[in-house]
Amino acid sequence: MPAALAKPDLLARLEQGHVAEITVVTPNRRLAQDLQREFDAHQIAKGLTVWEAPDILPFGAFVERLWEDALYSPIAEMRGESFPLLLTGAQEKHIWQEILKDSDFLLKEATALQCREAWRLIHQWRVGTGAANEDALAFSSWVSQYKRKTQGEIDSARLPDLMAGYVDKLKTPKLLVAYAFDVMPPQTKEFLEKLHYSECEPEALTASLARSSFPSAKHEIEAAASWARARLEEGKARIGVVVPDLQKRRGEVVRVFSRIMQPGYNLPGAAKTPMHFNVSLGRALSTYPLVDFALGLLEFAFQSVEFDKASRLVRSPFLGGADSEMARRATLDARLRKDADSTITLGKLIGLADPCPVLRKRLEAVFEITKTKPESPAEWARHFSALLEAAGFPGERALDSDEFQTRAKWHEALGELSRLERIAHRFSLNDALSFLKGYCAETLFQPESPDAPIQILGLLESAGLRFDCLWVAGLTDEQWPLAAAPNPFIPIAQQKKAGVPQASAEASAALDKRITGEWKRAATEVVFSYPLKEEDRGFAPSPLILDVEEKSVAVPDYPRYRDLIFASRNLEKFQDSKAPPVVPGKVRGGTRVLADQAACPFRAFAKWRLSAEPLEEPEAGLDARDRGKLLHALMRELWTRLRGSSSLSSDPGPAISQSAAAAVKEAGLEGRFAELERERLAKLAREWLEVEERRAPFEVAFIEQQRDLQVAGLQFQSRIDRMDKLKDGGHVLIDYKSSRFLSPKQWEGPRPDDPQLPLYAVAAPEELAAVVFARLRPGEMRFMGYSRNPNVLPQVNAAQSWPALLAAWKKDADALGAAFAAGDAHVDPKEELKTCRNCELQTLCRVYEKFSGLRTGKNGE
Ligand code: SF4
């Protein structure tokens, strides 16, 4: 039995400094840091200003330190062979991955991590052998290969066993204390026993306990954050909040705590003041913008990438010349969105980057370097560094503290790649890039920040820590105790026998019961909470907290920054819905202006007078606009050849194929895709001609004719798709459309959805017999519209009164034109938010403020 040391005695021994030759080992880094902080507070409370730093470190780091001592001591020489070198975690994983290369497992990276974990468990818990399932048999054959591949090396799983044989030959502390080991694996215990260790437990506090429920996990986390702020304001110095699934919910938790601790934290220009809280788990290194850029650039240097990735690189502040060329690069990006394909290569981007000379020079330098072909991990690491340097990484502006630390971490990642040289001599580009991406995705990182009073922790990280007050969230019957999670490569019976926690439901429940008991002693106020519902699943409290009395916890309601502003409003009414009148003359946008004016006056004003247009996104294949152009080109080519109904009596086949070919050529399509489009268009044309064949005789009067239309003193340019002259007199005005949602009702005023054809009709000098859409939709082809008399076109009804219809259209068009000309710019969507659904101007017009909960009056006043 190890000797027990009380916590005050431990602190007293640490006070003596190096004379006491005392080392404290903890199960993890967090506990080591916490004990260190507690010791510092203890010294400050005694009025000291300087003291010796105590030797407190995690158990693993202590063993590694002994290994380093041995490496540079005569022991290494005494062995007669070199002392085994310690593999890094990345090297261990790579060896497992190499072994798994030929296995049937699909997720090799994840499987390699599970193998590494199984190897650790076997050593740490002294798991014996026994009847094995298929996976375990496969694992034991991989283990033989692993042992062969790591001959002469040592890994973290076996290091304590190796070093246990040398402790009597190395300088070890006089007193070794194991602090807060709630669960001690046999391997650790055997090692520590060799050093005659003592045990020390954190002090047990007497707490007032409460159990509380909340409608949802979101409400629960908001309550925990408000409670933490209230306790902080009361002067509590150490507040703990334990959140289940912290890794998954990290973003949400940080947002809620930031908002409640410092409303307005995310306003542009807001000071980066300490937030008073610290989240124990970092984010994946690859999610930091600086690392995302570095990985993105390395990928782009060698292969084509999707446009949005290349666009991010062009606009990134981490690319050389980003500040001096900021405006030019933004313009280039907007242009690329119009002209580039959905994927892009470095060579292509260089060709398009003329407007940004610095960018072009940087990319050319990168391109030059890609011509050399490294072969080993270390060469790739140097090559990648050179590529990034050529790109001007990490940009012109000074890095802030977080970015600076992130860059150091990125260099560590390159260092890890380089260190693979020890175990892998040949490495392809794919190997090197996959390693870096995998390493950055698996490495959790958090830039260092000053110690914060509120600690947000995951479920299993709080063990052994002490607080003034503690809130443990998410304790539902589903979440706590945790479900068993045995390693798949070790038979469960062996894991159970060895006492591996999480190996079985009973072991997991026993461990979690101990942790719950530990929470009850971890602070003087402890709140256990759980959500009642998530989506449509209802929850009960965890059986492990049923003995705690259900009480409501007073949680202040801290307002949001938005609400603070709104509450302190001192409104001055200012009607700003009228723009200066439009100068009479030509108007940009053609008749689409009037369609937008009808949908929402602000939309027409913003789009056609302010040129507020969304950035485009290149799409793979043809987008809707390209398809519309193809369709119009097909019809133009077809009727240029056919010229009227008389040619339909002979075989229109040759005209159809020629027209489809001409339309595809005009669109610049090539290869197999062009062939498919030709076939599709020819089929479409054939089906359409069947509709045309059912009509009374006609001649095509003109195709795609440009006309200027005058409305309310403004001149709108229009292009009529086709005008037919009927043999019996009169003209038919035709507009090609392929939309499913098409109806002549879209012409009805006073705010017509599509005023284009009515406007053409009222302005046409020809005597019209019908105004129609030609719906060119496979399986749904037909004319839709109105005619002056019955039976002018198949399926087209005669208007009740043709003159009245034209007069109504004219009135609507005049009214819309006059409103636009007068500068009417009301935010007034025709069908409220339904009209806004596909409009990209929502952030400009702030329509959601008008229709959101902040609204107090009909007009948002
Ligand atoms: S989002 Fe709605 S209100 Fe805003 S401009 Fe578009 S249509 Fe008008």
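Trainee: In this predicted model, at what angle do helix 12 and helix 18 pack, and how far apart are their axes?

Mentor: Helix 12, which covers residues 289-302, packs against helix 18, residues 401-419, at an angle of about 45 degrees, and the two axes lie 9 Å apart. Angles under 35 degrees count as roughly parallel and those from 65 to 115 as roughly perpendicular, so helix 12 is described as oblique to helix 18.

Trainee: Which residues of helix 12 and helix 18 meet?

Mentor: From helix 12, the residues are Leu290, Val291, Ala294, Leu295 and Leu298, and in helix 18 they meet Glu403, Thr406, Arg407 and Trp410. Sorted by class, the residues of this contact between helix 12 and helix 18 comprise 6 nonpolar, 1 polar and 2 charged.

Trainee: Which residues line the largest cavity?

Mentor: The lining of the largest cavity is made by Cys600, Phe602, Arg603, Val827, Pro829, Thr835, Cys836, Cys839, Leu841, Gln842, Cys845 and Val847. Helix 24 (601-608), helix 30 (833-836) and helix 31 (842-845) are the elements that give two or more residues to this lining. By class, the lining of the largest cavity holds 9 nonpolar, 2 polar and 1 charged residues.

Trainee: What is the volume of the second largest cavity, and which residues line it?

Mentor: The second largest cavity has a volume of about 40 Å³, and its lining consists of Trp747, Pro752, Pro755, Pro758, Leu759, Trp809, Asp812 and Ala813. At least two residues of that lining are supplied by each of helix 28 (756-763) and helix 29 (802-822), with helix 29 giving the largest share, 3 residues. Of the residues lining the second largest cavity, 7 are nonpolar, none is polar and 1 is charged.

Trainee: Which domains does the domain assignment give, and what distance separates the centres of domain 2 and domain 5?

Mentor: The domain assignment gives domain 1 as 3-78 + 163-200, domain 2 as 88-149, domain 3 as 208-281 + 453-545, domain 4 as 284-445 and domain 5 as 624-822. Taken over C-alpha atoms, the centres of domain 2 and domain 5 are separated by 68 Å.

Methods: Residues are numbered from 1 along each chain as its sequence is written. This is a predicted model: local features need pLDDT of at least 70, side-chain atom pairs count only at pLDDT 80 or more; totals for chains, interfaces and linings use all residues. Side-chain values use heavy atoms; hydrogens and water are left out. Axes are lines fitted to C-alpha atoms, for helices over the stretch in contact, and angles run from 0 to 180 degrees between N-to-C directions. Helices (H or I, at least four residues) and strands (E, at least two) are DSSP runs, numbered from the N terminus. Angles under 35 degrees count as roughly parallel, over 145 as roughly antiparallel, 65 to 115 as roughly perpendicular and the rest as oblique. Contact means heavy atoms within 4.5 Å. Ala, Val, Leu, Ile, Met, Phe, Trp, Tyr, Cys and Pro count as nonpolar, Asp, Glu, Lys and Arg as charged, and the others, Gly among them, as polar. On a 1 Å grid over the protein atoms alone, a cavity is a set of points where a 1.4 Å probe fits but cannot get out, and a pocket is an open set with protein on both sides within 12 Å along at least five of seven lines; lining residues have an atom within 4 Å of a point. Grid points are joined across faces, edges and corners, and a volume is the space filled by probe spheres set on the points. Domain bounds come from an automatic or database domain assignment.
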